[in-house]
Amino acid sequence: MTAWTEADLHRRGLRISTPVRFTPAQDVVTLRLPMPPSVNACWANVEGAGRVRSTAYRRWSKLAVQEVQAQRVGRVAGKFCVVITAKRTKRKRDIDNIIKPILDLLSGLITADDSECERVSAGWTEEGDDGVTVSVRAA
């Protein structure tokens, strides 16, 4: 078998793509996210299609993925625990309604699957910027 150099491949018109930057697994990842919609507003019933993601949920998900990518945080391998701290809003909300959208977002971006979550802690804060701070720790 012949070993091809990068120059040989280039002369033949073949390009070598830049390898994807691999971020090694970390013990703790902390990130900031915009406030997710309530889980009650994440899905809509559409005749003929069943339950689909709502416009608000799709919009938040797209924005949140961009935020995670911009923060260049690492990944947590295996089982994990999550601590969610959300800035209290003027609107009355239940803290448990923001957990599901956040865990779904973490799947594939920070963790392999949200089914590996061992423990979730969520609470309100009066301090800091609007939005949510999420800390993911290896279990």
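Trainee: Let me start with W43: is it buried, partly exposed or exposed?
Mentor: W43 counts as partly exposed, at 27% relative accessibility. Buried means under 20% relative accessible area, exposed over 50%, and partly exposed in between, with a 1.4 Å probe and protein chains only. Before we go on, this is a predicted model, where local features need pLDDT of at least 70 and side-chain atom pairs count only at pLDDT 80 or more, while totals for chains, interfaces and linings use all residues. Residues are numbered from 1 along each chain as its sequence is written, and side-chain values use heavy atoms, leaving out hydrogens and water.

Trainee: Okay. Which residues is W43 in contact with?
Mentor: Leaving aside neighbours within four places in sequence, W43 is in contact with R51, V52, R53, S54, Y57, K100 and D104. Contact means heavy atoms within 4.5 Å.

Trainee: What does Y57 form with W60?
Mentor: A stacked aromatic pair, at 6.2 Å centre to centre and 10 degrees between the planes. Y57 and W60 are three residues apart in helix α2, so about one helical turn separates them. Both are buried, Y57 with a relative accessible area of 1%. W43, Y57 and W60 form one aromatic cluster.

Trainee: Let's zoom out. What pattern does the chain follow along the sequence?
Mentor: The pattern is α-β-β-β-α-β-α-β-β, with three helices and six strands. Of the 139 residues in the chain, 31% are buried. Among contacts between residues at least 6 apart in sequence, 82% join residues at least 24 apart.

Trainee: What order do the strands take in the open sheet?
Mentor: This open sheet of four strands has the order β1-β6-β4-β5, with mixed pairing. Two strands pair if DSSP finds at least two bridges between them. At the edges stand β1 (28–33) and β5 (117–125), each with a single partner strand, so one side of each is left without a neighbour in the sheet.

Trainee: How many bridges do β4 and β6 pair over?
Mentor: Seven, with β4 and strand β6 (residues 132–138) pairing in the antiparallel sense. In β6, T133 is the bridge partner of T85.

Trainee: Which strands does α3 lie across?
Mentor: Helix α3 (residues 99–106) lies across β1, β4, β5 and β6, running at about 130 degrees to β4. Axes here are lines fitted to C-alpha atoms, for helices over the stretch in contact, and angles run from 0 to 180 degrees between N-to-C directions. Seven of the eight residues of α3 are buried, including I99, P101 and D104. The buried residues of α3 pack against β1, β2, α2, β4, β5 and β6. Just after α3, G108 takes a positive phi of about 90 degrees.

Trainee: How many residues are in the largest nonpolar core?
Mentor: There are 26, and those with the most contacts inside this core are L33, V82, I110 and V134. A nonpolar core is a set of buried Ala, Val, Leu, Ile, Met, Phe, Trp, Tyr and Cys residues joined through side-chain atoms within 4.5 Å. The elements giving two or more residues to it are β1, α2, β4, α3 and β6. The largest share, five residues, comes from α3.

Trainee: Last one: where is R72 found?
Mentor: R72 is in the loop between α2 and β4 (80–87). R72 counts as exposed, at 69% relative accessibility. Its phi is near 50 degrees, a positive value in a residue other than glycine.

Conventions. Phe/Tyr/Trp six-rings, centres within 6.5 Å; stacked < 30°, edge-to-face > 60°.
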